[in-house]
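Reader: I would like to go through the labels used for this model and hear what stands behind each of them. Please show it first.

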Amino acid sequence: MILDKIVTSKRAEIATLKAPPPTTAGPRIDVAALLKRGPKEPLRILTEFKRKSPSAGELSRTLSLAERVGAYAKAGSSLVSVLCDGPFFGGSYDDVVEARAVLDRAGRPVPILAKEFILDPVQLQIARAKGADAALLIVRILQPDEVTRLVKASRECGLEPLVEVATEEELAIALNSGARLIGVNARDLDTLRMDPVRASKIVAAIPADRVAVHLSGLKTEDDVRALSKGRAEAALVGEILMRQDDPTDLLTRFVAAARE
Ligand SMILES: O=P(O)(O)OC[C@@H](O)[C@@H](O)c1c[nH]c2ccccc12
C-alpha cells in the first residue's frame, strides 16, 4: 500500500531531522477565524502546490513556485497548501519559505498549510520555523492519543492543526482531539480511490463549532457550486490547478462559482 510506503520512508527521514531553535512568536494568522464561513459568506477556495503525486504523476512545472503561488493569491485563494514531502510529492520545507515570501506581499493574510505526513513534533517545529501557519495531521497514520498530542504540539509551536479524516470513526477521533479545522479527504489514502458521496456525508456530520474543509478530487465549477451549497466552509483544490500551466483562469472561475 502506498501509504505504508510513505510512512516507512517518513520514519527514516524523521531520524535525520534536527529541531530548529524554538520560535516564541504566536500564530501569525488566525487560520480558523479566517476560514470560518459566516451566514451568506462564500465557500473558501484553498489551493495546493505540488510537483507530482502518487495518484496524478508529474504535474505542471511551467511556472516557478513563486509565480504559481503568486497567481493563486491574486486569483483569490484563501490558503495555500505546500507539499513538504520530497520522495512522493517533489516538495521540501524550503518550498514553505519561498511561498511565505510571496504571500507576505499579497496585501491580505494568506496562510500556508504545511502538507506533510506528520508523525513527530520535530516536523511541526520545522514547518513553523520555515513560515507555515497550519499543519496537516492525518488520522489514518496516527494512534488516537498521538492525534491529541500532535494537535497540542502544533498549537504550542504556533501552528493551527488541520486534522484529516476519511471515515466516521476517524471523525470521532479528530473531534475528540480538540482540532478546530477538520478536513475530510474524498480520496482514500490507501487505495487512492475517490468517494465523494462518503466524504459529503462525513462533512455534514461535522459540528458547527468546527471548520469543515473538503479535501481532494474537485475538477469543475459544478463541483465547487455543489459543495458551496452544503456544510463545507472551504475546499482544497490541488491536482486540477497543478495540471494547468497557468492556473489563473480556472481558479478565478472556481472562486466565482463559490460566490454564486
Ligand atoms: O489534488 P486534489 O485531488 O485536488 O487534492 C488536494 C489535496 O486534498 C490532496 O493533495 C491531499 C489530501 N490529503 C493529503 C495528504 C497528503 C498528501 C496530499 C493530500
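Author: Contact here means heavy atoms within 4.5 Å. The model is predicted. In that sense of contact, the buried residues of helix H6 pack against helix H5, strand E6, strand E7 (160–165) and helix H7 (168–176).

Reader: Which residues of H6 are the buried ones?

Author: They are Val 147, Leu 150, Val 151, Ala 153 and Ser 154. Buried means under 20% relative accessible area.

Reader: Why do you say that the buried residues of H6 line one face of the helix?

Author: Looking down the axis of H6, the buried residues fall within an arc of 165°, so they line one face. The face turned away from that buried side carries Arg 149, Lys 152 and Glu 156, which are exposed.

Reader: How do you know that the length of H6 agrees with what a helix should span?

Author: H6 covers residues 144–156, which is 13 residues. The expected span is 1.5 Å times one less than the number of residues. Just after H6, Gly 158 has a positive phi of about 85°.

Reader: What makes Leu 192 and Ser 216 worth a remark on phi?

Author: Leu 192 has a positive phi of about 65° and is not a glycine. Ser 216, also a residue other than glycine, has a positive phi near 85°.

Reader: What is the case for Cys 84 and Ser 77?

Author: Cys 84 has 3% relative accessibility and Ser 77 has a relative accessible area of 0%; each value is under 20%, so each residue is buried. Cys 84 sits in the loop between strand E4 and helix H4, and its contacts beyond four places in sequence include Tyr 93, Val 96 and Ala 114. Ser 77 sits in the loop between helix H3 (65–74) and E4, and touches, among others, Ile 45, Tyr 72, Val 110 and Leu 251.

Reader: What makes E4 and strand E5 a pair?

Author: Two strands pair if there are at least two bridges between them. E4 (residues 79–83) and E5 have four bridges, so they pair, and the sense is parallel. Val 82 has Ala 114 in E5 as its bridge partner. E5 and E6 (residues 134–138) have two bridges, which meets the cut-off, so they also pair in the parallel sense. There, Leu 113 has Ala 134 in E6 as its bridge partner.

Reader: What is the hand of the crossovers around E5?

Author: E4, helix H4 (residues 93–103) and E5 make a right-handed β-α-β unit. From E5 the chain crosses through H5 (residues 121–130) to E6, and this β-α-β crossover is right-handed.

Reader: How do you know that both faces of E5 are covered?

Author: In E5 (residues 112–115), Ile 112 and Ala 114 on one side are buried, and so are Leu 113 and Lys 115 on the other.

Reader: Which residues touch the most other members of the largest nonpolar core?

Author: That core has 92 residues, and Leu 43, Ile 45, Leu 124, Ile 141, Val 163 and Val 165 touch the most other members. Helix H11 (residues 248–259) gives the most to this core, with six residues. In soluble globular proteins, nonpolar side chains tend to be buried together.

Definitions and conventions:
Residues numbered from 1 in each chain as written. Predicted model: local features only at pLDDT ≥ 70, side-chain atom pairs only at ≥ 80, totals over all residues. Heavy atoms only, no water. Buried < 20%, exposed > 50% of the residue type's maximum accessible area, 1.4 Å probe, protein only. Right-handed = clockwise from strand over helix to strand, strands pointing away. Core = buried A, V, L, I, M, F, W, Y, C linked by side-chain atoms within 4.5 Å. Arc of directions from axis to C-beta.
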